[in-house]
Amino acid sequence: RAHLDRIAAVDGDVHAFLHVNQNAEAIAADVDRRRAAGEQLHELAGVPLAVKDVLVTTDMPSTSGSKILEGYMSPYDATVVSRARAAGLVAIGKTNMDEFAMGSSTEHSAYGPTRNPWDLERIPGGSGGGSAAAVAAFEAPLALGSDTGGSIRQPAHVTGTVGMKPTYGGVSRYGAIALASSLDQVGPVTRTVLDSGLLHDVIGGHDVNDSTSLSKAWPSFAAAAREGATGQVLKGLKVGVIKELPDSGFQAGVSQSFRESLALMEAHGAEIVEISAPHFEYGVAAYYLILPAEASSNLAKFDSVRFGMRVIPDGGATVEDVMAATRAAGFGDEVKRRIILGTYALSSGYYDAYYGSAQKVRTLIQQDFNSAFAQVDVIATPTAPTTAFKFGEKVGDPIQMYLNDVATIPANLAGVPGMTLPSGLASDDNLPVGIQFLAPAFEDARLYQVGAALE
Ligand code: GLN
């Protein structure tokens, strides 16, 4: 009730939610009944959970921020949602996002932007700005996001929350409306590292419905966070700092906060090691070919026949006329831009030059990570170059928007886990700043230990 009241009080301004679950109280009451009857429930049972609208749900519409899916009801729940429900979590609503998770500000949502609770004139990050804003504004204690190039971590960075992108394959993508299937990962957005671990334990692990799901047994991430909280893990921890990264135009207050965090770690026994990752600087370029290529293919299913909107044009007779009119009316500008970019990159004659080259760069970035992790336990970076920017500042210039992802994209290209946690307020504008940690694939638990140690 308290969270529903909070949503009623602030969401008119924040607009974190596209849909609030009218049954939330009834579901919570049922959890109470079961608990009162002596049933052993999960420790998160009854806790509200905000769900990014990219994740399909049977009891609420799932639009992925797009007009083309307005009002769409899924016949099944995403695996992460069904696992959360099975643990007794209450899906309190669906959160706003850039259309099909393309963007870094939620300005590309077909339903209007979400506002950053720290400053309503500023963006909450993206694509998962709704989930991060909901958590930051105390409208929900926990949220789910998806991260293809930073959409969990960058919103967390600009809203002072914790965002975790698991190892690729660590959390099921079944029921996550695909953006770029080789990069997409679902993960938690929370206020503390322990909360993230608790939620990650619930949603993670093998899923037969996702062919890329890892069949590995994972340790408890909540246990890792509890262990890390003692701070012991920082003693002798080798923290890699990428020497090439600061050249990429970081705001002074962001860099300063980052240096202070490193000094704090050093004071607690960590060793800061300079590493070289010479190909990171090509990450954005490679990503913005691979992602549109995969997205253009994934979005082909919105054909006016199988899902969502159907526009029948005046005098239009053929299936193709209907398809074209539907996609013209249903997709926003950023989605169209990426479909054009992606189909171009995949077209015959250009495939090797664009998509093929980008895949090679991806391999080089993976090799950069391998050699870095031969020297260090984790890599630390500022999560994004700037704090929350103002509405309209970057939306007219796609390249500027894309460059925001410089520090988050490499983890998706390599499939490694990444966590961002609040590192304070920037000295130059008093807005939240995050620090990002990256670990080798499968070592998600290490991020929980280090994150909890610093919190
Ligand atoms: N800013 C990235 C993009 O626009 C984020 C994508 C994501 O993680 N969903 O592609």
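The model is predicted: local features need pLDDT of at least 70, side-chain atom pairs count only at pLDDT 80 or more, and totals for chains, interfaces and linings use all residues. Residues are numbered from 1 along each chain as its sequence is written. Helices (H or I, at least four residues) and strands (E, at least two) are DSSP runs, numbered from the N terminus.

**Annotated sites**

- An unreviewed UniProt entry places the feature "active site" at Lys52, Ser127 and Ser151. UniProt positions are given in the numbering used here, feature names are shortened, and annotations may be inferred rather than shown by experiment.
- These positions spread over 100 residues of sequence but cluster in space, with a largest C-alpha distance of 10.7 Å.
- Serine 127 sits in the loop between S3 and H4. Serine 127 counts as buried because it has 35 C-beta neighbours inside 10 Å. The cut-offs are 20 or more other C-beta atoms within 10 Å for buried, 12 or fewer for exposed, and in between for partly exposed; C-beta atoms are placed from the backbone.
- Leaving aside neighbours within four places in sequence, serine 127 is in contact with Met97, Asp98, Ala101, Met102, Gly103, Thr106 and Ser151. Contact here requires C-beta atoms, placed from the backbone, within 7 Å.
- A cis peptide bond joins glycine 126 and serine 127, with omega about 5°.
- Serine 151 is in the loop between strand S4 (142-147) and helix H5 (153-159). Serine 151 is buried, with 36 other C-beta atoms within 10 Å.
- Not counting residues up to four places away in sequence, serine 151 touches Ala101, Gly126, Ser127, Gly128, Gly145 and Ser146.

**Ligand shell**

- The ligand is surrounded by 14 residues. The closest are Ala101, Ser104, Thr148, Gly149 and Ser151. A residue is near a molecule or strand if its C-beta atom, placed from the backbone, lies within 6 Å of it.
- By class, the shell has 4 nonpolar, 8 polar and 2 charged residues. Ala, Val, Leu, Ile, Met, Phe, Trp, Tyr, Cys and Pro count as nonpolar, Asp, Glu, Lys and Arg as charged, and the others, Gly among them, as polar.

**Loop between S3 and H4**

- Proline 113 lies in the loop between strand S3 (90-95) and helix H4 (129-136). Proline 113 is buried, with 23 other C-beta atoms within 10 Å.
- Beyond its neighbours within four places in sequence, proline 113 is in contact with Thr106, Glu107, Ile123 and Phe391.
- The C-alpha atoms of proline 113 and alanine 16 are separated by 8.5 Å, although these residues are 97 residues apart along the chain.
- Threonine 106 is also in the loop between S3 and H4. Threonine 106 counts as buried, with 32 C-beta neighbours inside 10 Å.
- Threonine 106 is a residue other than glycine with a positive phi, near 65°.

**Helix H4 and what follows**

- H4 is largely enclosed by the rest of the structure because 8 of its 8 residues are buried. They are Gly129, Gly130, Ser131, Ala132, Ala133, Ala134, Val135 and Ala136.
- Just after H4, phenylalanine 138 takes a positive phi of about 60°.
- Phenylalanine 138 lies in the loop between H4 and S4. Phenylalanine 138 is partly exposed, with 15 other C-beta atoms within 10 Å.

- H6 is mostly covered, with 11 of its 11 residues buried. Among them are Val193, Leu194, Gly197 and His200.
- Two packed helices are described by the angle between their axes and the distance between the axes.
- Helix H6 (residues 193-203) and helix H15 (residues 444-454) pack at an angle of about 155°, with axes 9 Å apart. Axes are lines fitted to C-alpha atoms, for helices over the stretch in contact, and angles run from 0 to 180 degrees between N-to-C directions.
- H6 and H15 are therefore roughly antiparallel to each other. Angles under 35 degrees count as roughly parallel, over 145 as roughly antiparallel, 65 to 115 as roughly perpendicular and the rest as oblique.
- Val193, Leu194 and Gly197 of H6 meet Tyr448, Gly451 and Ala452 of H15 in this contact. By class, the contact has 4 nonpolar, 2 polar and no charged residues.
- Glycine 205 follows H6 and has a positive phi, near 100°.

Conventions
Contact = placed C-beta atoms within 7 Å.
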